[in-house]
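Trainee: Could you take a close look at one part of this model with me? I'd like to go through the aromatic side chains.

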Amino acid sequence: MRKLVIPKYFGKPSIGLALFGCSNRPFYQICVFPDRALGRRHESSILEQVGTFDPLPNSRNEKLVSLNYGRLKYWIGEREAHISVPVLELLGLSGLFPVHPKTFIRARNNRERLESLEASSGTLEGRGEETEASSSA
C-alpha cells in the first residue's frame with residue numbers, strides 16, 4: 001500500500017528507470033521518483049522525466065539514449081537525488097560521470113563469452129573438416 005506524503009516533506013528523491021514498453025519490446029524512461037519508499041510501479045509516482053533509453057538495437061545496431069543534462073544536474077546537485085546503478089552506467093557512458101566499474105565488468109564478461117563461443121565453433125569446424133577428409137579417402 002502506498003503512503004500518502006505531503007510533497008513538502010518528501011525524502012531524498014531518486015533517479016531510476018521506469019519501464020514503459022512491453023515484455024518483448026522494453027522501453028525505459030529515466031525518471032525522478034519522490035522517495036524510494038513510495039515505490040516505482042505507478043506513473044503517478046513520477047516527479048519528472050529526464051530522459052529515455054531504448055535497449056533494443058536499431059537497424060544500425062545502436063541503443064538510443066536521450067538525456068536532459070540541465071535537469072539531471074539540478075536533481076543531482078541541488079536536490080541530492082539518489083541515482084540507481086543502471087542510470088549511473090548510462091551517465092558514465094554519456095560522459096556526465098566517470099564510467100561505472102560495472103560497465104567494465106560487463107564488457108569483460110561479454111568478451112570472454114564471445115571468445116569461448118568462437119573457440120567452441122572453431123573446434124566444431126575442425127571436426128567437420130576431419131570427417132570430410134576421412135570420408136573422401
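Trainee: Is Tyr74 buried, partly exposed or exposed, and what is its relative accessible area?

Mentor: Tyr74 is partly exposed, at a relative accessible area of 25%. On that scale, buried means under 20% relative accessible area, exposed means over 50%, and partly exposed is in between, with a 1.4 Å probe and protein chains only. Before going on, some ground rules: this is a predicted model, where local features need pLDDT of at least 70 and side-chain atom pairs count only at pLDDT 80 or more, while totals for chains, interfaces and linings use all residues. Residues are numbered from 1 along each chain as its sequence is written, and side-chain values use heavy atoms, with hydrogens and water left out.

Now for the partner. Tyr74 forms an aromatic pair with Trp75, edge-to-face, with 5.4 Å from centre to centre and 75° between the planes. Rings of Phe, Tyr and Trp (its six-membered ring) pair if their centres lie within 6.5 Å; planes under 30 degrees apart are stacked, over 60 edge-to-face, and the rest tilted. Trp75 counts as buried, at 6% relative accessibility.

The structure holds two aromatic pairs. In the pair of Tyr28 and Phe53, the ring centres are 6.3 Å apart and the planes sit at 20°, so this one is stacked. It links distant parts of the chain: Tyr28 is in strand β2 (residues 28-33) and Phe53 in strand β3 (residues 48-54), 25 residues apart. Strands (E, at least two residues) and helices (H or I, at least four) are DSSP runs, numbered from the N terminus. Tyr28 is partly exposed, with a relative accessible area of 24%, whereas Phe53 counts as buried at 14%.

As for the setting, the protein chain has three helices and five strands, in the order β-β-β-β-α-β-α-α along the sequence. Buried residues make up 23% of its 137 residues. Take contacts (heavy atoms within 4.5 Å): among those between residues at least 6 apart in sequence, 41% join residues at least 24 apart.
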